[in-house]
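Please read it alongside the sequence and the coordinates.

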Amino acid sequence: MLNAKGHLDAHLFLFATPNDIWIDADEELREQLRFRLERYVIADDVVIEDVTDQFALFHVLAESDPKTAGAKFCPRSRRLGTEGWDLWVESAGAEKARNILAADYRALDESEWEVLRIENGIPRWGRELTPEIIPPEANLQARAIDYEKGCYIGQEVISRMKMSGQTRQRLCGLVSETALTPGMELHGETKMVGRVTSAIFSKRMNAHIALAVVKRGYNEADTSLVASVDDTRTSVRVVRLPFIGRPSH
């Protein structure tokens, strides 16, 4: 969901049933998302209902349908860039659903989810996805843009960017021998060219890795940059995303 300048107002996951479109987004977007949707309901027979408190949402990394008892919906979803399923479960049955899932799958805590997200180069609202970002800059063109669709807010900017083949900045991966932290500035030879947005230590890669939004001219693979915060400076190397392909289940 974009503003008139093509910048992100929200990043949504949605799926359609015969009579409804189900939407989920980051918690901090809850109020502004509803306000934005209601602005454009004029003469249409549409009712917008916030069902946040009525449902729990599980994501299962699996190729085949997990067939969880009690799920109201179970659409396919690639939240981490690989095959998965979103299980919408009514809140009253959430604990039962969790126990059923635990028989076949291992639950990931938030830090483990974050490792998989970063290893697979998936941007997150509030980190890589902000109101300053235009979707192709965050590598969302394949997942979230239909270039054949017309008449949506921000379309002109998106179309011009596609025709020019250029972006002012791009979400990239970084590899370092020392730990990186979100907020670190990235410098080229003479100027600041970006900022670290997410960072972890990847055991599978045996390396410190990070996501960063880096300006054009400095975001090609194997470009060397310097990450700095206060008096700490460390060398980093730009890599293409994702760092790692399919995450383990």
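Which residue forms a salt bridge with Arg 30? The partner is Asp 53, with the closest N and O atoms 3.5 Å apart.

## Basis of the values

This is a predicted model, in which local features need pLDDT of at least 70 and side-chain atom pairs count only at pLDDT 80 or more, while totals for chains, interfaces and linings use all residues. Residues are numbered from 1 along each chain as its sequence is written, and side-chain values use heavy atoms, with hydrogens and water left out.

## Salt bridges

A salt bridge is taken here as a side-chain nitrogen of Lys or Arg within 4 Å of a carboxyl oxygen of Asp or Glu. The count by this rule is 18 salt bridges. Helices (H or I, at least four residues) and strands (E, at least two) are DSSP runs, numbered from the N terminus. Arg 30 is partly exposed, with a relative accessible area of 27%, whereas Asp 53 is exposed at 62%. For these classes, buried means under 20% relative accessible area, exposed over 50%, and partly exposed in between (1.4 Å probe, protein chains only).

Arg 237 and Asp 222 also meet in a salt bridge, with an N to O distance of 3.4 Å. This pair again links distant parts of the chain, 15 residues apart, with Arg 237 in strand E11 (residues 232–239) and Asp 222 in the loop between strand E9 (207–215) and strand E10 (224–229). Arg 237 is partly exposed at 37% relative accessibility, and Asp 222 is exposed at 54%. In another salt bridge, the side chains of Glu 112 and Arg 106 come to 2.9 Å, N to O. Here Glu 112 is partly exposed at 27% relative accessibility, while Arg 106 is exposed at 58%. A network of salt bridges links Glu 114, Arg 117, Arg 124, Arg 127 and Glu 128.

## Cysteines

A disulfide is a pair of cysteine sulfur atoms within 2.5 Å, and a search of the whole structure finds 0 disulfides. Cys 74 is partly exposed at 24% relative accessibility. Cys 172 is buried at 3%.

## Nonpolar cores

A nonpolar core is a set of buried Ala, Val, Leu, Ile, Met, Phe, Trp, Tyr and Cys residues joined through side-chain atoms within 4.5 Å. The largest nonpolar core has 26 residues, of which Leu 8, Ile 118, Leu 129, Val 175, Ile 209 and Phe 243 touch the most other members. Helix H5 (155–164), strand E6 (169–176) and E9 each supply at least two residues of this core. E9 gives the most, with 4 residues. Apart from this core lies another, of 14 residues, including Leu 180, Leu 225, Ala 227 and Val 238.

The buried residues of helix H3 (residues 110–119) are Glu 114, Leu 116, Arg 117, Ile 118 and Glu 119. They pack against strand E8 (192–202) and E9. Contact means heavy atoms within 4.5 Å. Leaving aside neighbours within four places in sequence, Ile 118 is in contact with Ser 198, Ala 199, Ile 200, Ile 209, Leu 211 and Phe 243.

Gly 121 follows H3 and has a positive phi, near 65°. Thr 130 lies in the loop between H3 and helix H4 (141–144) and is buried at 17% relative accessibility. With neighbours within four places in sequence left aside, Thr 130 is in contact with Leu 8 and Trp 125.

Phe 13 is in strand E1 (residues 13–16) and is partly exposed at 23% relative accessibility. Not counting residues up to four places away in sequence, Phe 13 touches Trp 22, Ile 23, Asp 24, Ser 77, Arg 79 and Arg 143. Ile 23 lies in strand E2 (residues 21–24) and is partly exposed at 31% relative accessibility. The C-alpha atoms of Phe 13 and Arg 34 are separated by 14 Å, with the two residues 21 apart along the chain.
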